[in-house]
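Dear colleague,

Please find the structure below, handed over for your reference. I would be grateful if you would look through it before reading the notes that come after it.

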Amino acid sequence: MSDLSINPYLNFSGNCREAFDLYARILEAPVAFLITMGESPMADQVPKAMHDRICHICLKRDGLTLMGSDCPPDQYETPQGTIINIGVETAEKAEAVFAQLSEGGKVTMPLEETFWATRFGMCVDRFGVPWMVNCDKPMP
């Protein structure tokens with residue numbers, strides 16, 4: 001086991017649970033940890049209206065870790081300058097993942113064959129998170 005890992009951490013403005021329900025299905029990654037604001041040690045410092053929001057959630061699968069939370073509404077910023085890449089093994093899997101991620105969102109580069117990939121595409125999901133789906137061509 002490595003003593004170092006880099007894991008995406010996504011912030012949301014109140015729809016973290018809905019986003020992670022989708023990501024868990026797409027990534028076939030179970031929720032490894034979830035705590036709401038109301039269940040956290042800081043519950044008495046958070047307005048009751050925010051108690052059902054996610055304080056921390058973590059999906060894990062085969063070395064993949066994706067984490068997130070709902071942040072206070074006045075602190076939320078739309079993601080910029082970062083794109084999360086999902087590498088898949090087959091064109092069919094790329095098409096399925098891309099279709100689910102882009103549904104209700106915005107396709108910024110259609111999923112298609114490129115010089116390096118059987119399928120590659122970019123989108124921003126309906127939660128505002130930017131994604132790339134990449135299915136590399138076999139190495140010669």
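Predicted model: local features only at pLDDT ≥ 70, side-chain atom pairs only at ≥ 80, totals over all residues.

Residues are numbered from 1 along each chain as its sequence is written, and side-chain values use heavy atoms, with hydrogens and water left out.

Four strands make up an open sheet of mixed pairing, in the order 1-4-3-2. Here helices (H or I, at least four residues) and strands (E, at least two) are DSSP runs numbered from the N terminus, and two strands pair if DSSP finds at least two bridges between them. Strand 1 (9–12) and strand 2 (31–36) each have a single partner strand, so one side of each is left without a neighbour in the sheet. From one strand to the next, the twist averages 15 degrees. Helix 1 (residues 16–27) packs on this sheet and touches strand 1, strand 2, strand 3 and strand 4; contact means heavy atoms within 4.5 Å. The direction of helix 1 makes about 165 degrees with that of strand 4, where axes are lines fitted to C-alpha atoms, for helices over the stretch in contact, and angles run from 0 to 180 degrees between N-to-C directions. Strand 3 (residues 54–61) and strand 4 (residues 64–70) run antiparallel and are joined by five bridges, with Leu59 opposite Leu66 in strand 4.

Strand 8 (residues 130–136) has five of its seven residues buried (under 20% relative accessible area; exposed is over 50% and partly exposed lies in between, with a 1.4 Å probe and protein chains only). Strand 8 pairs in the parallel sense with strand 5 (residues 84–87) over four bridges, and is joined to the antiparallel strand 7 (residues 117–124) by seven bridges. Strand 7 and strand 8 form a hairpin with five residues between them.

Seven aromatic pairs are found in the whole structure. Rings of Phe, Tyr and Trp (its six-membered ring) pair if their centres lie within 6.5 Å, and planes under 30 degrees apart count as stacked, over 60 as edge-to-face and the rest as tilted. Phe12 and Phe127 have ring centres 6.4 Å apart and planes at 85 degrees, so this pair is edge-to-face. Phe12 lies in strand 1 and Phe127 in the loop between strand 7 and strand 8, 115 residues apart. Ring pairs link Phe12, Phe20, Tyr23, Phe127 and Trp131 into a cluster.

Yours sincerely
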